[in-house]
Amino acid sequence: MNTTRYRGIGKTGLALAAAAMIAMCVTAFLIHPEQRLSGELGICLPSPNLWEINPVSSWIINTVLIGAIAAGAFFLNRSYNFIRSTQPVLPALFMVFAASNPWTTGYLSSSTLLCAINLLSLSVLFKAYNSRNATQEMFLIGTFISVGSMFQYAFLPMIVPYVASAIMMKAFRIKEALATGMGLIAPYWVGVGMGLIPLEAFSLPELTNLFSDYIHSSDLFVLLLSVGAAIFIAVILGLNNGIKLYAGNSRINALNMSISFIGVTCIICIIIDFSNMMAYITTLYFTLAVQIANLCALWHFRHEWLVVTLPALTYIAFFITLLLT
């Protein structure tokens with residue numbers, strides 16, 4: 001008889017991950033406070049990197065937001081059980097992954113905001129599963145993405161996975177399509193109609209150049225290595241988990257597929273929209289954390305903490321290397 005007991009990461013693992021996140025965020029702010037994305041990437045309003053916020057306040061808001069996303073992801077799973085485990089692998093890994101990039105942790109960035117909006121949109125989308133009338137949910141998702149696109153055009157491609165997910169969930173018909181379109185148009189209509197956004201504010205975004213002064217070639221190599229590793233692992237685990245999930249509960253499979261669609265969209269955008277890849281990184285890390293959490297839940301590793309520790313330490317190492325190069 002096998003008496004080996006299951007060992008998850010538990011509250012201790014979550015606390016260690018939170019401590020690691022705070023340590024990396026503090027270090028990124030103190031050592032390289034000048035590392036800030038350049039360029040104007042909003043369609044009609046300034047991007048978060050250009051907001052006139054006190055540097056300390058900007059850093060605090062960003063750090064709190066990362067923690068809030070982790071907590072939100074935990075409670076979202078508690079509500080919908082898309083990861084069949086009570087272990088906090090998802091929030092723990094997300095905090096470490098999200099904090100491992102100095103350019104998105106030292107101040108409030110569009111990367112963190114995009115991830116927050118995606119989590120909020122997922123919570124709305126999950127309510128629409130197999131719904132006969134999901135017009136309100138799709139209108140809200142369209143509105144979230146539209147408002148975000150005013151500050152960062154990277155929000156716009158995110159509408160694609162939500163429409164695809166709603167179709168898969170049998171919650172997207174002509175009226176939902178109209179509601180989504182209205183949600184996308186309404187913020188711009190209101191902003192221009194009420195005079196809040198002058199027409200001359202609309203312009204083509206000034207693209208960020210990753211090879212500019214704020215990032216050197218050695219940093220770029222390590223950054224691309226960390227992003228490439230996230231993409232590779234997410235794709236491999238997504239395929240592996242997808243096979244097992246497909247054979248199980250259809251609702252859980254649909255919820256996980258919606259997250260996978262977002263991850264695939266991020267990967268495509270990073271490849272195509274390379275100069276703006278920073279905006280998609282935090283959301284990519286969120287989807288990676290979901291895949292690793294699903295791996296642990298589906299395979300029931302007896303020493304789960306080992307499976308979680310390896311990627312966590314790897315991204316902490318990426319963070320340290322980026323600071324030293």
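1. Read along the sequence, the chain of this predicted model follows the pattern α-α-α-α-α-α-α-α-α-α-α-α. In total the chain holds 12 helices and 0 strands.

2. The overall dimensions deserve attention next. The radius of gyration of the chain is 20 Å, and the globule rule gives 20 Å for 325 residues, so the chain is as compact as a globular protein of that length. Along its principal axes, the C-alpha trace spans about 75 × 55 × 30 Å.

3. How much of the chain is buried? Of its 325 residues, 51% count as buried, where the term refers to a relative accessible area under 20%. The accessible surface of the chain amounts to about 14,900 Å², and carbon and sulfur atoms account for 70% of that area.

4. The contacts may be considered by their distance along the sequence. Among contacts with a separation of 6 or more, 83% are made by residues 24 or more positions apart.

5. Rolling a probe the size of a water molecule over the atoms shows where empty space is left. The largest pocket has a volume of about 290 Å³. It is lined by 20 residues, of which Ala 234, Gly 238, Ser 260, Val 264 and Gln 291 are the closest to its centre.

6. Which helices each supply at least two residues of the lining of the largest pocket? They are helix 9 (217-246), helix 10 (250-272) and helix 11 (278-299). Helix 10 gives the most to this lining, with 9 residues. By class, the lining of the largest pocket consists of 10 nonpolar and 10 polar residues, with no charged residues.

7. The second largest pocket has a volume of about 250 Å³. Its lining comprises 15 residues, and those closest to its centre are Gly 13, Leu 16, Val 308, Thr 309 and Ala 312.

8. For the second largest pocket, at least two lining residues come from each of helix 1 (10-31), helix 3 (89-99) and helix 12 (304-324). Helix 12 gives the most, with 6 residues. The classes in this lining are 12 nonpolar and 3 polar residues, and no charged residues are present.

9. A student may wish to locate both pockets in the structure by their helices. For the largest pocket, helix 10 is the main contributor to the lining; for the second largest pocket, that place belongs to helix 12.

Note on methods
Residues numbered from 1 in each chain as written. Predicted model: local features only at pLDDT ≥ 70, side-chain atom pairs only at ≥ 80, totals over all residues. Heavy atoms only, no water. 1 Å grid on protein atoms, 1.4 Å probe; cavity = no way out; pocket = protein on both sides within 12 Å on 5 of 7 lines; lining within 4 Å. Points joined across faces, edges and corners; volume = space filled by probe spheres on them. Helix = DSSP H or I, 4+ residues; strand = E, 2+ residues; numbered from the N terminus. Nonpolar A, V, L, I, M, F, W, Y, C, P; charged D, E, K, R; others polar. Rg over C-alpha atoms; globule rule 2.2 N^0.38 Å. Buried < 20%, exposed > 50% of the residue type's maximum accessible area, 1.4 Å probe, protein only. Contact = heavy atoms within 4.5 Å. Areas by Shrake-Rupley, 256 points an atom, 1.4 Å probe, with all protein chains shown as cover.
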